[in-house]
Amino acid sequence: MDFPSIFIYLAPIVAVWAGFAFVRFTKPTDTGRIKLLLAFSGAFLLALTFFELLPEVYEGHDPKTIALYILGGILLQIFLEFFSKGAEHGHMHINLKENRFPLLLFLSLSVHALVEGVPIHGNNSILYGIIIHKVPIAIVLSIFLLNSKMKLGTILLFMAAFSLMTPLGSFVSAQSEWMESHGHLLTSLAIGVFFHISTIILFESAQGHAFNLRKLLVIILGIGIAYFV
């Protein structure tokens, strides 16, 4: 399915602000449901990566080169998490100074968001996965920022800039002539990033057998829906 370009660029922005607005106006306290949403988004994104992106990058290209870039994406995400402390998959373990813009957190999340925007230009199906991934991440990030001592203006600036990064990655990907012949390499890098964050979300430990069962059902649901997208 082909989407208008404006939708491709606006959808990730709306997803971030939807997550922020949900936290700002409802002040959620049930973290269990947020974890289930994270599990669904991780399964959905991982399944779309297998169904859509992997066949695309391996077709007509050197398998070892593709594998090398995928592994590079995994290592890139591990490196970014030294600064983001796991914000990309729903964990926040950073101490923010009052009224200070969290530059390292912003830069690490921005690089992650730029990379994940690359494959959207060539594969519209992955846009669904990015949107569903961004909503729970934006919720977790918003809860953390709004509970910090940062001013609301600083938080809004952070969210506004962060929301633009994925569309920027898609725009650069669409406009670059280099991408016509080498875009599969950056897509492979994005696959590695998706692999890392998705598997962390799916295989992190959960408390309580009841939640484990619900989590399994949500994961199966995410994979099943991705199959039919």
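Is Thr187 buried or exposed in this structure? Thr187 is buried, with a relative accessible area of 6%, and its place is in helix H7. The model under discussion is predicted. The protein has eight helices and zero strands, and 49% of its 229 residues count as buried.

**Overall build**

- Read from the N terminus, the order of elements is α-α-α-α-α-α-α-α.
- Of the contacts between residues at least 6 apart in sequence, 82% link residues at least 24 apart.

**Helices H3 and H7**

- Helix H3 spans residues 63–84 and helix H7 spans residues 178–203; their axes come within 7 Å and cross at roughly 50 degrees.
- The two helices, H3 and H7, are therefore oblique to each other, and their crossing is right-handed.
- On the H3 side, the contact is made by Thr65, Ile66, Tyr69, Ile70, Gly72, Gly73, Ile74, Leu76, Gln77, Ile78 and Glu81.
- On the H7 side, the residues in this contact are His184, Leu185, Ser188, Leu189, Ile191, Gly192, Val193, Phe195, His196 and Ile197.
- Sorted by class, the contact of H3 with H7 has 12 nonpolar, eight polar and one charged residues.

**Helices H2 and H7**

- H2 packs with H7 at an angle of about 150 degrees, and the axes of the pair are 9 Å apart.
- Because angles over 145 degrees count as roughly antiparallel, H2 is roughly antiparallel to H7.
- The crossing in which H2 passes H7 is left-handed.
- H2 contributes Leu38, Ala39, Gly42, Ala43, Leu45, Leu46, Thr49, Phe50, Leu53, Leu54 and Val57 to the meeting of these helices.
- H7 contributes His184, Thr187, Ser188, Ile191, Phe194, Phe195, Ile197, Ser198, Ile201 and Leu202.
- By class, the contact of H2 with H7 has 15 nonpolar, six polar and no charged residues.

- Setting aside residues up to four places away in sequence, Thr187 touches Leu53, Val57, Val118 and Pro119.
- Ile126 is placed in helix H5, which covers residues 125–146, and counts as buried at 0% relative accessibility.
- With residues up to four places away in sequence not counted, Ile126 touches Leu45, Leu48, Thr49, Leu53, Pro119, Ile120 and Phe194.
- Ile126 and Val229 are 103 residues apart along the chain, and 9.3 Å separates their C-alpha atoms.

**Ile131 in helix H5**

- Ile131 also belongs to helix H5; beyond its neighbours within four places in sequence, Ile131 is in contact with Ala11 and Ala15.
- The C-alpha atoms of Ile131 and Ser41 are separated by 8.9 Å, although the two residues are 90 apart along the chain.

**The loop residue Lys27**

- Lys27 is located in the loop between helix H1 (5–26) and helix H2 (31–58).
- The phi of Lys27 is near 50 degrees, which is a positive value in a residue other than glycine.
- Most residues other than glycine have a negative phi.
- Lys27 counts as exposed, because its relative accessibility is 59% and the cut-off for exposed is over 50%.

Technical notes:
Residues are numbered from 1 along each chain as its sequence is written. This is a predicted model: local features need pLDDT of at least 70, side-chain atom pairs count only at pLDDT 80 or more; totals for chains, interfaces and linings use all residues. Side-chain values use heavy atoms; hydrogens and water are left out. Helices (H or I, at least four residues) and strands (E, at least two) are DSSP runs, numbered from the N terminus. Buried means under 20% relative accessible area, exposed over 50%, partly exposed in between (1.4 Å probe, protein chains only). Contact means heavy atoms within 4.5 Å. Axes are lines fitted to C-alpha atoms, for helices over the stretch in contact, and angles run from 0 to 180 degrees between N-to-C directions. Angles under 35 degrees count as roughly parallel, over 145 as roughly antiparallel, 65 to 115 as roughly perpendicular and the rest as oblique. A crossing is left-handed if the near helix is turned anticlockwise from the far one by less than a right angle, and right-handed if clockwise. Ala, Val, Leu, Ile, Met, Phe, Trp, Tyr, Cys and Pro count as nonpolar, Asp, Glu, Lys and Arg as charged, and the others, Gly among them, as polar.
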